[in-house]
Amino acid sequence: MTIAVLALQGAFAEHEAMLERLGAAYFEIRQLRDLAQPFDGLILPGGESTVMGKLLRDLELFGPLQGKIASGLPVFGTCAGLILLAKSVIGGEPCFGTMDICVRRNAYGRQLGSFYAEGECAGIGRIPMTFIRAPYIEAVSGDAEILAEADGKIVAARQGSQLVTAFHPELNDSLEMHRYFLKICS
């Protein structure tokens with residue numbers, strides 16, 4: 001199994017470290033030619049969603065990746081990656097728009113509004129959650145299902161082979177979210 005990690009901007013190296021700890025093969029997507037390599041899943045890291053969206057289009061990665069995701073490629077979006085997958089974005093424009101969720105950008109405020117919590121995640125159990133200028137999910141619809149909440153806000157969801165978190169699991173020691181994603185890929 002090989003996982004592609006979008007490496008245009010953001011916390012991609014931290015996701016790679018988690019995959020390495022789990023023994024999963026991975027490579028970085030930085031240019032269109034990188035899509036020629038076969039892969040079984042895709043990670044969209046945290047970072048700045050508007051910058052990522054612009055770079056995806058400028059580098060001609062947007063169309064091919066959107067097509068792969070829409071065709072069922074397993075994808076894991078964290079923080080900005082969650083925003084990229086959402087069909088509706090409060091405070092921004094949708095990018096891939098493949099997941100039936102409505103997201104509020106920068107919902108917890110500025111960098112100073114960052115925080116740590118622990119909570120239950122369906123199918124996984126209790127996990128650590130690190131939020132940095134995080135969004136949250138206002139609503140799910142269609143086949144999207146809520147996996148976790150923090151302070152009454154939806155912070156993790158799944159729709160088929162798409163998995164999203166408003167928090168950064170790659171910044172904690174727990175491998176459980178990445179392990180869960182690898183199960184989706186297999």
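Author: Arg 105 sits in a loop. The model is a predicted one.

Is Arg 105 buried or exposed? Its relative accessible area is 18%. Buried means under 20%, so Arg 105 counts as buried.

What does Arg 105 touch? Leaving aside residues up to four places away in sequence, its contacts include a run of Glu 48, Ser 49 and Thr 50. Val 89, Ile 90, Gly 91 and Gly 92 are also among them. Ile 83 and Pro 135 complete the list. One of these neighbours has a polar link to Arg 105: the side chains of Arg 105 and Ser 49 make a polar contact of 3.4 Å.

The largest pocket has a volume of about 200 Å³. Its lining consists of 16 residues. Closest to the pocket centre are Gly 47, Glu 48, Cys 79, Ile 132 and Arg 133. By class, the pocket lining has six nonpolar, seven polar and three charged residues.

Rolling a probe the size of a water molecule over the atoms shows where empty space is left. One cavity of 30 Å³ or more is counted. The largest cavity holds about 40 Å³ of space. Its lining is made up of Ile 127, Pro 128, Pro 169, Asn 172, Ser 174, Glu 176 and Met 177. Two elements give two or more residues to this lining: strand S8 (125–131) and helix H5 (176–185). By class, the cavity lining has four nonpolar residues, two polar residues and one charged residue.

Last, the whole chain. It has five helices and 12 strands. The radius of gyration is 15 Å, close to the 16 Å that the globule rule gives for 186 residues, so the chain is as compact as a globular protein of that length. Along its principal axes, the C-alpha trace spans about 40 × 35 × 35 Å. Among contacts with a separation of 6 or more, 64% join residues 24 or more positions apart.

Terms used
Residues are numbered from 1 along each chain as its sequence is written. This is a predicted model: local features need pLDDT of at least 70, side-chain atom pairs count only at pLDDT 80 or more; totals for chains, interfaces and linings use all residues. Side-chain values use heavy atoms; hydrogens and water are left out. Helices (H or I, at least four residues) and strands (E, at least two) are DSSP runs, numbered from the N terminus. Buried means under 20% relative accessible area, exposed over 50%, partly exposed in between (1.4 Å probe, protein chains only). A polar contact is a pair of N or O atoms within 3.5 Å; within protein, one must be able to donate a hydrogen and the other to accept it, and residues adjacent in sequence count only if both atoms are side-chain atoms. Contact means heavy atoms within 4.5 Å. On a 1 Å grid over the protein atoms alone, a cavity is a set of points where a 1.4 Å probe fits but cannot get out, and a pocket is an open set with protein on both sides within 12 Å along at least five of seven lines; lining residues have an atom within 4 Å of a point. Grid points are joined across faces, edges and corners, and a volume is the space filled by probe spheres set on the points. Ala, Val, Leu, Ile, Met, Phe, Trp, Tyr, Cys and Pro count as nonpolar, Asp, Glu, Lys and Arg as charged, and the others, Gly among them, as polar. The radius of gyration is taken over C-alpha atoms; the globule rule is 2.2 Å times the number of residues to the power 0.38.
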